[in-house]
Amino acid sequence: VIDEGMPERTVKTTCAYCGVGCSLKAEIKGDQVIRMVPDKDGKANHGHACVKGRFAWGYATHDDRILSPMVRDSIDDPWRKVSWDEALDTAAARLQATQKKYGRTSIGGITSSRCTNEEVWLVQKLVRATFGNNNVDTCARVCHSPTGYGLAQTYGTSAGTQDFDSIEECDLILLIGSNPTDAHPVFGSKMKQRLRQGAKLIVIDPRQIDLVRTPHVEAEYHLPLKPGTNVPVINAIAHTIVEEGLADEAFINERCDLAAFQEWTAFIKRKENSPESVAEESGLDSEMIRSAARLYASAPNAAIYYGLGVTEHSQGSTMVMGMANLAMLTGNIGRPGVGVNPMRGQNNVQGSCDMGSFPHELPGYRPVSNDEVRATFEQDWGTPMDGVPGQRIPNMLDNAVLGTFKGIYIQGEDIAQSDPNTHHVEAALRNMDCVIVQDLFLNETARFAHIFLPGTSFLEKDGTFINAERRINRVRPVMKPKTGKAEWRVTAELSDRMGYPMHYTAASEIMDEIARLTPTFAGVSFDRLDKEGSMQWPVNDDAPFGTPVMHIGEFVRGKGLFKLTEYVPTEERTNRKFPLILTTGRILSQYNVGAQTRRTENIKWMEQDLLEIHPSDAELRGIRSGDWVSVASRKGETVLQADVTDRVNPGVVYTTFHHPESGTNVITTELSDWATQCPEYKVTAVQVTPSNHR
Ligand code: SF4
């Protein structure tokens, strides 16, 4: 951390890590950032920040940054530094040659949840208007895509229902598959504060997260279910509420689709959904499930908060709908202190989804197949558009292995490290004719790239991020792009060269276009955000100052829709060869695959990705804390150091994924959510044995 006394100026911007979206002030001396301090006026953080926001910005000036564009003919050749003109000419020519040889739909793009909305908007526009297809997807595919699907199906919009401050009116927090004190620290502290004031807590998580153990915050119930059994447990909670007459019938009659509710009621009453029936599969005590259900149903205001422990499953979308059902069943939706609230992992995962980064949806979650919506874009963009949904990331990779998908533009995403089944991803990338990586560092994916376009850090960006509560935050440049070119300009100039000119002179003009074409952003502009501060979408004529709480009086889709949530067990099962279930998570000081945090002072707070294993499983294998162990799945093997702990139950092991050398995704499977293909990172059958590899 640089600390050189008093700053000469400050610039307000937004943290580039988690979905809390803390407002920070960069204190600057000369052209150096000397400190990042939390902004007391920040509406998401009210003057707080965690160790990532405060201290982990040094990666922006790290020596590993690549500041010059590079090209090479083949991935076996060395990189050659070139000018921006040569790099963009080469990229355009290579993409066009690929399309000419293999067809219009043989190329596509991936947007980044770490980039601004304006940068994301241009990449999806590049794919749709310039490439002429809908092969655009986002890294949300591998985290919260089931949230988008599940909440849209039940409530009509793909976003969390509440503002963060709403928790102050909450009496009962149902926390599922989320570890906010590590992954969303500022909101985690707010949650802890509310619990210390007397709100009650139910945790559904295979592991004893810190909130289960924190003094004065003891959870009323911790349901340490077996990984992969979220759906039967949520069904059993709903079953109990219906069976014991605890449902909010007045709310259901007024706000919900009654035919769907009746069908759902018949389903949920089935014996197989009772706590007694799911006890063995989930590993939970049936009476504890019933007690938790009663507590949730009886609280005046009960709110669900959840994370990737819900979504990254083969039934992630089912589980999201199960939670949405539960909130409707008990009338816990449509006012402060309640709701269904996804804890978004990345700073702009909400925004990257809002901006139309899905192959089947245009910005604002409108189907590409809708002629009327498409016509609006065609008129504004002056080009015909494809009405056929494009390929998702897993489809692109599968088709690349088959030889029909041959070119990709990847903005700020390291799919070779962060996507599951690494060997498959590498085979796909190796089989492409044109891989363009736009990033800060030569990441793992860049090993397979032909063109490297240097990206900019958040300190060099001008734009907006959207946090987990739909808050549109300004990101203001603290310094000029160290690469010599704003990232949105790179995309625009690539498009120019491919025959579809993009005429923007400033990032604010891109937001103006977003507002023009996306009804939920109709009232948004840089000017307003700078004058009035951040706002929560929808911001339009109906809600000129934004919308902290959604679904008041009426759901976005009209009537709330109960959806059937049939439990289909994951295909990933334990057996004698792979008897343990591996699940994953994060630690406080690090972020995702660590590309940023490992290049900052925060590295001091982290040693290795450790494998947590229960004492009984460790003893059986002769493993002690600190020993190196082999972790082998049906897909691959890696080596980690053991941490023997009762945080996990017997039969479950747990690790983080912050170091590339840990190779966690070498062992994860290719199984994915049935609706969205979000990978099932949270359930991998493994064997753990002592290792002498290191
Ligand atoms: Fe806030 Fe999250 Fe950044 Fe921490 S990492 S400062 S909680 S936005």
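On which residue of α3 is the kink centred, and what is its angle? The structure is a predicted model, in which local features need pLDDT of at least 70, side-chain atom pairs count only at pLDDT 80 or more, and totals for chains, interfaces and linings use all residues. Residues are numbered from 1 along each chain as its sequence is written.

The kink in α3 is centred on K125 and amounts to about 30 degrees, where the bend at a residue is the angle between axes fitted to the seven residues ending there and the seven starting there. Helices (H or I, at least four residues) and strands (E, at least two) are DSSP runs, numbered from the N terminus. Helix α3 covers residues 117-131, and its 15 residues should span 21 Å at 1.5 Å a residue; the end C-alpha atoms are 20 Å apart, which agrees. The expected span is 1.5 Å times one less than the number of residues in the helix. Of the 15 residues in α3, 15 are buried. A residue is buried if 20 or more other C-beta atoms lie within 10 Å of its own, exposed if 12 or fewer, and partly exposed in between, with C-beta atoms placed from the backbone. G132 follows α3 and has a positive phi, near 80 degrees.

An open sheet contains seven strands in the order β5-β4-β17-β16-β15-β6-β7, with mixed pairing. The edges are β5 (80-81) and β7 (136-138); each has a single partner strand, so one side of each is left without a neighbour in the sheet. Two strands pair if DSSP finds at least two bridges between them. Strand β17 (residues 451-454) is covered on both faces, with I451 and L453 buried on one side and F452 and P454 buried on the other. Its pairing with β4 (residues 70-71) is antiparallel, over two bridges, and M70 has F452 as its bridge partner. The pairing of β17 with β16 (residues 434-439) is parallel, over four bridges, and Q438 is partnered by L453. Strands β6 (residues 107-111) and β15 (residues 407-411) run parallel and are joined by four bridges; G108 has its bridge partner, I408, in β15.

In strand β25 (residues 652-656), five of the five residues are buried. V652, Y654 and T656 point one way, V653 and T655 the other. Strand β21 (residues 580-585) runs parallel to β25 and is joined to it by five bridges, with L582 opposite V653. Strand β22 (residues 610-613) runs antiparallel to β25, with three bridges, and I613 also has V653 as its bridge partner.

I173 lies in strand β8 (residues 172-176). This residue is buried, with 26 other C-beta atoms within 10 Å. I173 and A303 are 130 residues apart in sequence, yet their C-alpha atoms are 5.2 Å apart in space.

Around the ligand there are 14 residues, of which C15, Y17, C22, C50 and G53 come nearest; a residue is near a molecule or strand if its C-beta atom, placed from the backbone, lies within 6 Å of it. The shell divides into nine nonpolar, four polar and one charged residue, where Ala, Val, Leu, Ile, Met, Phe, Trp, Tyr, Cys and Pro count as nonpolar, Asp, Glu, Lys and Arg as charged, and the others, Gly among them, as polar. Domain 1 (9-61) and domain 3 (145-342) each supply at least three residues of the shell, the domain bounds coming from an automatic or database domain assignment.
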